[in-house]
Amino acid sequence: MKELPAKLLKMLCCPKCKSNLRYDRGKSLLRCESCKKNFKIKEGIPVLLP
């Protein structure tokens with residue numbers, strides 16, 4: 001499982017509501033803090049499709 005760079009995480013936001021995303025390393029996904037939507041990370045690349 002690849003680690004997402006901190007610099008990349010600071011630039012990403014939820015495509016639905018534009019809120020911050022939280023990185024869940026254990027489940028390999030990004031979670032929106034506002035709308036609670038989850039986005040998978042496949043092969044080290046976040047899939048941010050609403």
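This is a predicted model: local features need pLDDT of at least 70, side-chain atom pairs count only at pLDDT 80 or more; totals for chains, interfaces and linings use all residues.
Cys32 is buried, at 1% relative accessibility, where buried means under 20% relative accessible area, exposed over 50%, and partly exposed in between, with a 1.4 Å probe and protein chains only. Residues are numbered from 1 along each chain as its sequence is written, and side-chain values use heavy atoms, with hydrogens and water left out.

Let me stay with the cysteines. A disulfide here is a pair of cysteine sulfur atoms within 2.5 Å. The closest cysteine sulfur to that of Cys32 belongs to Cys17, at 3.5 Å, which is too far for a bond. For Cys35, the closest cysteine sulfur is in Cys32, again 3.5 Å away and too far for a bond. Cys35 is partly exposed, at 27% relative accessibility. The count of disulfides by this rule is zero.

I turn now to the strands. Strands are DSSP runs of E, at least two residues long, and helices are runs of H or I, at least four, numbered from the N terminus; two strands pair if DSSP finds at least two bridges between them. Strand β1, residues 21-24, runs antiparallel to β2, residues 29-32, with four bridges. Three bridges join β2 to the antiparallel strand β3, residues 38-42. Leu30 stands opposite Tyr23 and also opposite Phe39 in β3.

Each hairpin deserves a remark. Between β1 and β2 lie four residues, and Ser28 has a positive phi near 55°. Between β2 and β3 lie five residues, and Lys36 has a positive phi near 65°.
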